[in-house]
Amino acid sequence: MPRQVDHKARRDQIAEALLDIVADHGLEAISVRAVAAQAGVSTGRIQHYFANKDELLAYAIEYQDWLVQQRWNEQAWPEGEPTPREALRWVLLETIPRDDRRRREWLVGVAYLIRMLANPKLRALYVDGLPRLYRLLADLVRMAQEAGDIAPDRDPEVEAELLFGLADSQGPPVVLGLRTPEQATAAIDYYLDHLFR
């Protein structure tokens, strides 16, 4: 009986290898040979699953996005549903490179950003994802306003942009060792304390 092959698992294994290389050495270090060596597979296997480098790069960033979504979906709240403030804080802290997993995600995102400007398929992934995040943040601000926790005169869309900008700006100094993840978290808590009454 022929052996069943899990093609998604093989593609994911290759994507994991690519993401590790990108986080450690940048996109310029990506080659079929380098990814094959990191994944422990032949170059032929990579070429079997991916027609070219751009297809491999697109799959890897989509895979990373899927991993992040899985983590968000699996987030367990001890008291049931989180308050809007708890949810906002959690989403913002997810963007800070405060552990190895989030550091890799942050470094990959930065490495891909320049490539996205020249690659329409990669650009579409970013252009689709960021507005979704803004909408989520704005919706959480609205929920807090409806609960009376945020002043009604605050613009949810503007607050979403400010919140994301604050969280996103913490990445470079944390990765460079100029700030600790705890300091970055304190900056977010400081702003949330002022946003929430």
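Start by selecting Tyr126, which counts as partly exposed at 38% relative accessibility (buried means under 20% relative accessible area, exposed over 50%, and partly exposed in between, with a 1.4 Å probe and protein chains only). Residues are numbered from 1 along each chain as its sequence is written, and side-chain values use heavy atoms, with hydrogens and water left out. The model is predicted, so local features need pLDDT of at least 70 and side-chain atom pairs count only at pLDDT 80 or more, while totals for chains, interfaces and linings use all residues.

**Stop 1: around Tyr126**

Tyr126 sits in helix 7, residues 120–146 (helices are DSSP runs of H or I with at least four residues, strands are runs of E with at least two, and both are numbered from the N terminus).

**Stop 2: the whole chain**

Now zoom out. Along its principal axes, the C-alpha trace spans about 60 × 45 × 30 Å. Of the 197 residues, 39% are buried. The chain exposes about 11400 Å², with carbon and sulfur atoms supplying 53% of that area; the areas come from the Shrake-Rupley method with a 1.4 Å probe, and for residues only the protein chains shown count as cover. Among contacts with a separation of 6 or more, 65% are between residues 24 or more positions apart (contact means heavy atoms within 4.5 Å).

**Stop 3: helix 5**

Select residues 84–94. Pro84, Ala87, Leu88, Trp90, Val91, Leu92, Leu93 and Glu94 are the buried ones. To see what covers them, show helix 4 (53–74), helix 6 (100–118), helix 7, helix 8 (156–169) and helix 10 (181–195), which are included in that cover.

Next, pick Arg89, which lies in helix 5 and is partly exposed, with a relative accessible area of 30%. Which residues does Arg89 touch beyond its neighbours within four places in sequence? They are Thr185, Asp189 and Leu192. The C-alpha atoms of Arg89 and Leu192 are 7.8 Å apart, although 103 residues separate them along the chain.

**Stop 4: salt bridges**

Side chains of opposite charge can pair when their charged atoms come close. A salt bridge here is a side-chain nitrogen of Lys or Arg within 4 Å of a carboxyl oxygen of Asp or Glu, and the count comes to 15.

Stay with Arg89 and display Asp189: their side chains form a salt bridge at 2.6 Å, N to O. Asp189 belongs to helix 10 and Arg89 to helix 5, so this pair ties together parts 100 residues apart in sequence.

Then move to Asp20 and Arg104, whose side chains meet in a salt bridge of 2.7 Å, N to O. Asp20 is in helix 1 (residues 7–25) and Arg104 in helix 6, so the pair links parts 84 residues apart in sequence. Asp20 is partly exposed at 28% relative accessibility, whereas Arg104 is buried at 15%.

Last, select Arg71 and Glu105, a salt bridge with its closest N and O atoms 2.8 Å apart. Arg71 lies in helix 4 and Glu105 in helix 6, so they tie together parts 34 residues apart in sequence. Both Arg71 and Glu105 are buried.
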